[in-house]
Amino acid sequence: ITLHIEDLKGETRAITVSPEGSLMEAIRDNGFEDLLAACGGCCSCATCHVVIDPASVLPLPAMAADEDSLLDGSDHRQESSRLSCQIPLSSELDGLKLRIAEAD
Ligand code: FES
């Protein structure tokens, strides 16, 4: 699947990955150093914050309460903010567009 990722400099790069693991792992493992993902994916750090392009209407999993409350702690939360470690990749996410959110 192909993901379109914008970094903090505003540069967008497309990556092609197999639909396994999490969205966070796909971003981190493809050289986007702006995504810190400090806790390694256990939903406790919020440094894997991304903003999904609102035009990217793809079936994302519902947000759990812990993800929601971590995002509430961010000054940069947007309507379509998500923690990328909480989104498993699947073939349905082909073409997803997002940007890495500013760190708090
Ligand atoms: Fe820490 Fe996602 S990597 S909350």
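Residues are numbered from 1 along each chain as its sequence is written. Because the model is predicted, local features need pLDDT of at least 70 and side-chain atom pairs count only at pLDDT 80 or more, while totals for chains, interfaces and linings use all residues.

Q: In what order do the elements of the protein chain run from the N terminus on?
A: Helices (H or I, at least four residues) and strands (E, at least two) are DSSP runs, numbered from the N terminus. The protein chain has two helices and five strands. Their order is β-β-α-β-α-β-β.

Q: What is the radius of gyration of the protein chain, and what would a compact globule have?
A: The radius is taken over C-alpha atoms, and the globule rule is 2.2 Å times the number of residues to the power 0.38. The C-alpha trace spans about 30 × 30 × 25 Å along its principal axes. For 104 residues the rule gives a value near 13 Å, and the protein chain agrees with it at 12 Å.

Q: What is the strand order of the open sheet?
A: Two strands pair if DSSP finds at least two bridges between them. The sheet has five strands with mixed pairing, in the order β2-β1-β5-β3-β4. Its edge strands, each pairing on one side only, are β2 and β4 (81–83).

Q: Which residue of β5 is the bridge partner of Ile-52?
A: Three bridges also link β3 to β5, and these strands run antiparallel. The partner of Ile-52 in β5 is Leu-98.

Q: Which residues are in contact with Met-24, leaving aside its neighbours within four places in sequence?
A: Two residues are in contact if their C-beta atoms, placed from the backbone, lie within 7 Å. For Met-24 the partners are Leu-35, Ala-37, Gly-41, Cys-48, Ser-84 and Cys-85.

Q: Is Ala-37 buried or exposed?
A: A residue is buried if 20 or more other C-beta atoms lie within 10 Å of its own, exposed if 12 or fewer, and partly exposed in between, with C-beta atoms placed from the backbone. Ala-37 lies in the loop between α1 and β3, and its phi is positive, near 45°. Because it has 21 C-beta neighbours inside 10 Å, Ala-37 is buried.

Q: How far apart are the C-alpha atoms of Gly-10 and Ile-100?
A: Gly-10 is in the loop between β1 and β2 (12–16). With 7 other C-beta atoms within 10 Å, Gly-10 is exposed. Gly-10 and Ile-100 are 90 residues apart along the chain, and their C-alpha atoms are separated by 9.3 Å.
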